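Subject: Structure handover

Hi,

Here is the structure I promised to pass on. Please open it first, then read my notes below.

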Amino acid sequence: DVAKGNADIVISSNHFDSIVCAVKESRGLFDNIKKSVHYLLSCNFAELITILFGMIIFSDVPLAAVQLLWINLLTDCAPAVSLSMERAEDSVMKRKPYTTLGKIFDLGAVASIAIQSIFIAVMTLIAYSIGAKSDTATAMTMAFAVLGMSQIFHCYNSKLEASVINRQLFSNGILNFSAVLTLLIIIFLVLTPAGYVFGMTNLKLNQFALTLLFSFLIVPLCEIIKLIKRIVLK
């Protein structure tokens, strides 16, 4: 009893392999917290940068308050909650133990979040500038589409520490459901009159295709970042 009271780990099943299972689950849980935090920070900083520099560059707010609120409620919350339900990656037991600092905000993580946030914001502002050639409503709609859809694609970047070209990419059914649902809602808002409620207009097919391209570019960017990390950490 004294030994149990002072032990860091108590094996109740008399099987030492239960320690391995416990460590794997603990590492998976820590990873899920890290993924959700990094995802939310990169998305929310992207929104802040978009609004701040949009006002400086265009002397106007690139997104209405109701549009920004809708993105926060729709494309931020659902994927973040889904990421917290991820199963531990196959490579989780192959890495070295983390230090007491936890490695949630190491230098590499901070740099990645900064790059991802700036990139999403830049793509959103480029879309806004293209749409502004038509009218303000089109500009806001294109900015809304890029900011919203890029966050949906980005949740799959956050899902895996490894490359997205992985058999585990679509293993989380809840994440898949929330991503598809939010993507369909955004498409519905920008291609139908329903978007008028949020101060948007219908995009032409070529405009929508452009926003889809800008949104997807976050995927190859994160692949490059992950590749650099793997090379540096070797």
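Start with the lining of the second largest pocket: 11 of its residues are nonpolar, 1 is polar and none is charged. Here Ala, Val, Leu, Ile, Met, Phe, Trp, Tyr, Cys and Pro count as nonpolar, Asp, Glu, Lys and Arg as charged, and the others, Gly among them, as polar.

Before going on, note that this is a predicted model, where local features need pLDDT of at least 70, side-chain atom pairs count only at pLDDT 80 or more, and totals for chains, interfaces and linings use all residues. Residues are numbered from 1 along each chain as its sequence is written, and side-chain values use heavy atoms, with hydrogens and water left out.

**The pocket**

The volume of the second largest pocket is about 210 Å³. A pocket is an open set of points on a 1 Å grid over the protein atoms alone, where a 1.4 Å probe fits, with protein on both sides within 12 Å along at least five of seven lines; lining residues have an atom within 4 Å of a point. Grid points are joined across faces, edges and corners, and the volume is the space filled by probe spheres set on them. Among the lining residues are Ile152, Phe153, Tyr156 and Asn157. Helices α5 (136-159) and α6 (173-191) each give two or more residues to this lining. The top contributor is α5, with 4 residues. Helices are DSSP runs (H or I, at least four residues), numbered from the N terminus.

**The salt bridge**

How many salt bridges does a search of the whole structure find? It finds 1. The term means a side-chain nitrogen of Lys or Arg within 4 Å of a carboxyl oxygen of Asp or Glu. Lys159 and Glu86 form it, at 3.2 Å from N to O. Lys159 is in helix α5 and Glu86 is in the loop between α3 (65-83) and α4 (107-131), so the pair ties together parts 73 residues apart in sequence. Lys159 is buried, at 0% relative accessibility. Glu86 is buried too, at 8%. Buried means under 20% relative accessible area, with a 1.4 Å probe and protein chains only.

**The core**

The largest nonpolar core has 44 residues, and Leu63, Phe144 and Ile218 touch the most other members. Such a core is a set of buried Ala, Val, Leu, Ile, Met, Phe, Trp, Tyr and Cys residues joined through side-chain atoms within 4.5 Å. Its largest share, 13 residues, comes from α5.

Best wishes

Note on methods. Buried means under 20% relative accessible area, exposed over 50%, partly exposed in between (1.4 Å probe, protein chains only).
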